[in-house]
Protein chains: 2
Amino acid sequence: MDTEQLLLQIAVILVTARLGAELAVRLKAPPMIGEICAGLLIGPSLLGWIAPHEVIKLLAEIGIILLLFEVGVETDISKLITAGPKAVVVAITGFILPFLGGFALSYWLFDLPLLVALFIGGTFTATSIGITVRILAELNRHTSYEGQIILGAAVVDDILGVFLLAVLYQFAKTGNVDAGETLAIFLYVGGFFVIAPILAKLMLPLFKRGFELSRVPGVIPVAIVAFVLLFAGLSQWVGAPEILGGFAAGLALSRRFFLPFGAALNLGADFTHTLQHQMRPIIQLFTPFFFVTVGLSVDLSTVDWGSSFFWWFSLTMLFIAIVSKIAGAWLIRESIYTRTAIGMAMVPRGEVGLIFAELARSAGVFDNDIYAAVTIVVAYTTLLAPFWIKSYYRLFGARLPPADERDRPP
Amino acid sequence: MDTEQLLLQIAVILVTARLGAELAVRLKAPPMIGEICAGLLIGPSLLGWIAPHEVIKLLAEIGIILLLFEVGVETDISKLITAGPKAVVVAITGFILPFLGGFALSYWLFDLPLLVALFIGGTFTATSIGITVRILAELNRHTSYEGQIILGAAVVDDILGVFLLAVLYQFAKTGNVDAGETLAIFLYVGGFFVIAPILAKLMLPLFKRGFELSRVPGVIPVAIVAFVLLFAGLSQWVGAPEILGGFAAGLALSRRFFLPFGAALNLGADFTHTLQHQMRPIIQLFTPFFFVTVGLSVDLSTVDWGSSFFWWFSLTMLFIAIVSKIAGAWLIRESIYTRTAIGMAMVPRGEVGLIFAELARSAGVFDNDIYAAVTIVVAYTTLLAPFWIKSYYRLFGARLPPADERDRPP
């Protein structure tokens with residue numbers, strides 16, 4: 001494609017995303033819904049102006065990586081570790097129940113082939129960490145008690161998801177699953193997530209020394225973006241989703257990251273502040289590409305809206321997709337309000353669900369109808385969840401543990 | 001290519017560009033030389049780690065567009081208009097002399113075919129507006145008297161260059177030149193450059209109103225980048241180089257832009273300040289991609305360094321490429337110091353020269369040897385000019401009209 005067209009497409013994406021976000025806020029919806037709808041509008045579903053070109057996809061990747069980086073910077077790792085066991089339980093139950101639910105109904109109720117049913121179950125295990133995090137940040141609950149459980153669960157869910165995807169993909173290709181290889185992937189991904197923030201933290205004094213020595217303006221944006229993308233690339237290299245690398249890099253820069261030999265590596269609140277100040281415009285520029293691309297990736301125009309199988313199947317699936325995630329969170333020991341908040345936040349499948357569905361289509365497992373139906377379910381969970389989570393917090397927010405005042409952004 | 005590789009490549013480009021820039025400054029060279037050398041190092045010339053992928057090229061485009069936008073914002077349009085006639089003279093003489101010099105020597109001295117000689121002349125007409133502007137900005141002379149003449153001349157030179165490229169390309173393809181079509185291109189490009197800043201300026205009150213109404217954070221970086229890329233895309237759409245669109249968009253936001261009905265459209269110095277403050281990290285992030293890509297685009301490894309024709313031809317060409325540009329500036333009525341400064345600043349051919357050479361190669365006009373020799377000349381003018389311009393200003397800077405104190409960035 002011509003540079004001219006790409007430049008204009010980028011401009012169109014930025015403008016429509018912004019208009020969508022502003023409109024959404026006026027309709028009391030979260031801005032990202034406006035951005036996703038902007039993607040549906042200008043993408044293949046409606047106007048067909050923009051197909052997700054490789055360049056746009058990369059800008060979207062960078063957007064979600066930087067968003068997760070920012071989340072990482074604002075995360076209190078001690079809270080995350082405290083939340084850890086509960087987050088792991090939520091992730092596992094919120095992984096198994098949707099998988100079983102999606103699989104069982106597709107296989108026994110709708111008589112779909114085994115592999116199709118397995119991939120449907122797989123798609124429903126996803127949690128869109130990007131969407132979930134943005135909802136919480138907009139509600140100013142991302143550093144709250146339940147926010148940390150949700151964040152931890154979404155991260156663990158992502159790791160489990162990659163693992164399942166690898167297993168199903170192997171199974172689809174060869175009819176077999178190699179247990180050794182699968183375990184290796186699991187260890188790589190899990191290990192990376194433990195080692196990466198520590199590695200990043202150890203790199204920081206070098207960084208700070210570099211900043212002091214620098215004589216050319218602009219060292220912070222360049223160095224930080226390079227640092228974040230390096231970790232994102234490494235993350236993908238070991239087989240983990242690249243956003244985990246961005247999150248790990250952010251954790252390392254967090255004000256409250258500690259290590260056994262922690263104090264010496266503290267960069268000081270001033271430094272973190274300067275950094276956030278300079279990074280914010282860059283993050284604000286890139287994130288809309290991600291949410292618009294979620295909208296661009298769905299093609300609602302191929303859906304046969306008159307088919308009764310389609311409606312019956314997709315409504316059943318939507319029901320199970322929602323109920324199973326919420327049920328997963330109900331298994332932990334918390335107040336009913338907290339459990340429900342956590343469960344609801346795990347519902348949006350977003351880009352992670354779409355990746356599963358897309359892979360199943362490209363491997364020839366989903367035909368067009370199943371793909372469309374699954375896509376619709378993913379789209380609904382993604383588009384509706386922010387609304388009801390917002391309403392839920394408006395109604396029951398007062399009954400949840402109060403968010404820590406210190407954590408509120410200025 | 002995998003996302004993983006692209007992310008890592010972007011990180012490598014940012015890191016090597018930064019190290020190159022820091023090293024260059026310590027060797028008393030301009031940072032961009034370090035960035036270009038970083039490109040030579042990691043590109044096909046030496047290590048071959050990175051080939052200029054479409055995504056990298058687009059990031060480079062955005063980098064140069066945003067750099068020219070920033071230059072536009074800092075330009076005093078009244079000075080630019082005052083400098084206009086002299087800038088046009090410098091552009092025209094600095095266009096004709098290199099063309100005739102390059103053509104005549106290639107055709108009569110080196111007995112090259114007519115079309116080859118014409119394209120060699122065409123390549124030498126180029127002035128790298130990006131390189132020139134960055135040198136001036138680093139010396140803090142971009143808003144000086146001679147700086148405005150140089151900037152104006154570089155812009156006019158770009159317009160003339162597009163025009164010549166269109167003519168030569170037509171001639172290469174068809175053996176004929178359609179005068180009507182050529183004139184149309186010229187009028188489009190010239191007309192765009194007059195109309196674009198005015199159009200952009202007229203859009204601004206809408207913009208400012210939008211900023212006031214916005215309820216979602218991050219409106220400035222998103223809106224400004226969209227605005228700049230829109231003008232860059234439009235610019236290319238009428239056949240002009242996209243950087244002229246960026247420059248025009250910047251001019252419209254300049255503090256000292258006036259219109260017959262000007263005062264009402266003034267956005268206030270505060271607004272321009274906030275805008276520059278938020279845009280700076282974004283511009284600092286993108287510009288290294290441009291300079292690294294200049295280095296990536298040259299492949300020094302294909303050069304037959306032992307050939308005597310190669311040395312004799314390229315040294316003669318280098319001589320004429322430098323002398324003809326300086327001679328062009330000597331024809332205006334200024335002090336000898338000012339004339340020389342202007343002439344020297346027009347010498348670097350940079351990316352514009354490479355585009356000419358690349359087009360000649362892809363059209364089958366340049367064989368590998370001629371391409372390599374021309375590329376070397378372009379590379380030398382680009383790499384050496386910043387050094388001697390810096391030395392020149394150190395020696396004779398005091399004899400040039402003083403830079404306006406008001407214009408110095410804080």
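Reader: Which residues of helix 12 of chain A meet helix 15 of chain A?

Author: In this predicted model, Phe310(A), Phe313(A), Ser314(A), Met317(A), Leu318(A), Ala321(A) and Ile322(A) are the residues on the helix 12 side. On the helix 15 side they meet Asp369(A), Ala373(A), Ile376(A), Val377(A), Tyr380(A) and Thr381(A).

Reader: What makes helix 3 and helix 9 of chain B roughly perpendicular?

Author: The axes of these two helices of chain B cross at roughly 105° and come within 10 Å. The class runs from 65 to 115 degrees, so helix 3 and helix 9 of chain B are roughly perpendicular to each other. In helix 3 of chain B, Ile65(B), Leu66(B) and Phe69(B) take part, and they meet Val228(B), Leu229(B) and Ala232(B) in helix 9 of chain B.

Reader: How do you know whether Ala232(B) is buried or exposed?

Author: A residue is buried if 20 or more other C-beta atoms lie within 10 Å of its own. Ala232(B) has 33 within that distance, so it is buried. Ala232(B) lies in helix 9 (residues 219-237) of chain B. Apart from neighbours within four places in sequence, Ala232(B) is in contact with Leu7(A), Ile65(B), Glu242(B), Gly245(B) and Gly246(B).

Reader: What makes helix 3 of chain A largely enclosed?

Author: Of its 21 residues, 19 are buried, so helix 3 of chain A is largely enclosed by the rest of the structure.

Reader: How do you know that the span of helix 3 of chain A agrees with what it should be?

Author: Helix 3 of chain A covers residues 54-74, and at 1.5 Å a residue its 21 residues should span 30 Å. The end C-alpha atoms are 30 Å apart, which agrees. Helix 12 (residues 308-330) of chain B can be treated likewise: it has 23 residues and reaches 33 Å from its first C-alpha to its last, close to the 33 Å expected. Among the buried residues of helix 12 of chain B are Phe313(B), Met317(B) and Lys325(B).

Reader: Why is helix 6 of chain B called mostly covered?

Author: Eight of its ten residues are buried. The buried residues include Ile129(B), Gly130(B), Arg134(B) and Leu136(B). Just after helix 6 of chain B, Asn140(B) takes a positive phi of about 60°.

Reader: Why are the two copies said to be related as by a two-fold rotation axis?

Author: A rotation of 180° superposes chain A on chain B, with 0.0 Å of shift along its axis and an RMSD of 0.0 Å. The two copies are thus related as by a two-fold rotation axis. The same surface serves both copies, as 100% of the contact residues of chain A recur in chain B.

Reader: Which elements make up the side of chain A that touches chain B?

Author: The contact involves 42 residues of chain A and 42 residues of chain B. Helix 1 (3-26), helix 3, helix 9 (219-237) and helix 11 (269-297) of chain A each give two or more residues to that side. The largest share, 13 residues, comes from helix 1 of chain A.

Conventions
Residues are numbered from 1 along each chain as its sequence is written. Chains are lettered from A and ligands numbered from 1 in the order in which they are written. This is a predicted model: local features need pLDDT of at least 70, side-chain atom pairs count only at pLDDT 80 or more; totals for chains, interfaces and linings use all residues. Copies are superposed by least squares on the C-alpha atoms of residues with pLDDT of at least 70 in both. Two residues are in contact if their C-beta atoms, placed from the backbone, lie within 7 Å. Helices (H or I, at least four residues) and strands (E, at least two) are DSSP runs, numbered from the N terminus. The expected span of a helix is 1.5 Å times one less than its number of residues. A residue is buried if 20 or more other C-beta atoms lie within 10 Å of its own, exposed if 12 or fewer, and partly exposed in between; C-beta atoms are placed from the backbone. Axes are lines fitted to C-alpha atoms, for helices over the stretch in contact, and angles run from 0 to 180 degrees between N-to-C directions. Angles under 35 degrees count as roughly parallel, over 145 as roughly antiparallel, 65 to 115 as roughly perpendicular and the rest as oblique.
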